Amino acid sequence: QVHLVESGGGLVQAGGSLRLSCVASATIFSINTMGWYRQAPGKQRELVASITSRGTINYPDSVKGRFTVSRDNAKNTVYLQMNSLKPEDTAVYYCNLVTIVPVTGTPIQYWGQGTQVTVST
């Protein structure tokens, strides 16, 4: 069982920056995608950024140019650098891991417990 432990959330003024980190507690299969989702009150959970084990990155238009995702495979860690934060970025941010079981090709998904990011005006 893999546990994802997030850190780095908090309160920041608009225009400020935060860096989120997420560590996977156990060794994960080599083929995987790590990333971040967020969920604001009354809204659906949405993708913020993802990065595959081969380094392919995906962002929605809402965060392009402001957020940067990166990973350290040796540490099983994914980061999210958030710059130029806006009040609409306020949400609970969840770390996500999708890994592919070798041979069977079965995907397994894990979620972190979430960390609150609040951007004030």
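How many residues lie between β4 and β5 in their hairpin, and which residue in the turn has a positive phi?

Tutor: Six residues lie between β4 and β5 in the hairpin, and Gly42 in the turn has a positive phi of about 80°. The model is predicted, so local features need pLDDT of at least 70 and side-chain atom pairs count only at pLDDT 80 or more, while totals for chains, interfaces and linings use all residues. Residues are numbered from 1 along each chain as its sequence is written, and side-chain values use heavy atoms, with hydrogens and water left out.

Strands here are DSSP runs of E with at least two residues, numbered from the N terminus; two strands pair if DSSP finds at least two bridges between them. β4 and β5 run antiparallel and are joined by six bridges; Gly35 has Ser50 in β5 as its bridge partner. β5 also pairs with β6, again antiparallel, over two bridges, with Ile57 in β6 as the bridge partner of Ile51.

Next, the charged side chains. A salt bridge is a side-chain nitrogen of Lys or Arg within 4 Å of a carboxyl oxygen of Asp or Glu, and the structure holds four. Arg38 bridges Glu46 with the closest N and O atoms 2.7 Å apart, and Asp89 with these atoms 2.9 Å apart. Because Arg38 is in strand β4 and Asp89 in the loop between β8 and β9, the latter pair ties together parts 51 residues apart in sequence. Asp89 also meets Arg66 at 2.7 Å, N to O; Arg66 lies in the loop between β6 (57-58) and β7, 23 residues from Asp89.

For accessibility, buried means under 20% relative accessible area, exposed over 50%, and partly exposed in between (1.4 Å probe, protein chains only). Arg38 is buried at 6% and Asp89 at 1%, and Arg66 is buried as well. Glu46, at 35%, is partly exposed.

β4 (32-39) and β5 (46-52) are among the strands that each supply at least two residues to the largest nonpolar core, which has 29 residues. Such a core is a set of buried Ala, Val, Leu, Ile, Met, Phe, Trp, Tyr and Cys residues joined through side-chain atoms within 4.5 Å. Trp36, Leu80, Met82 and Tyr93 have the most contacts inside it. Leu80 touches, among others, Trp36, Val48 and Ala49, a contact being heavy atoms within 4.5 Å.

Technical notes:
Helix = DSSP H or I, 4+ residues; strand = E, 2+ residues; numbered from the N terminus. Lists of a residue's contacts leave out its neighbours within four places in sequence.
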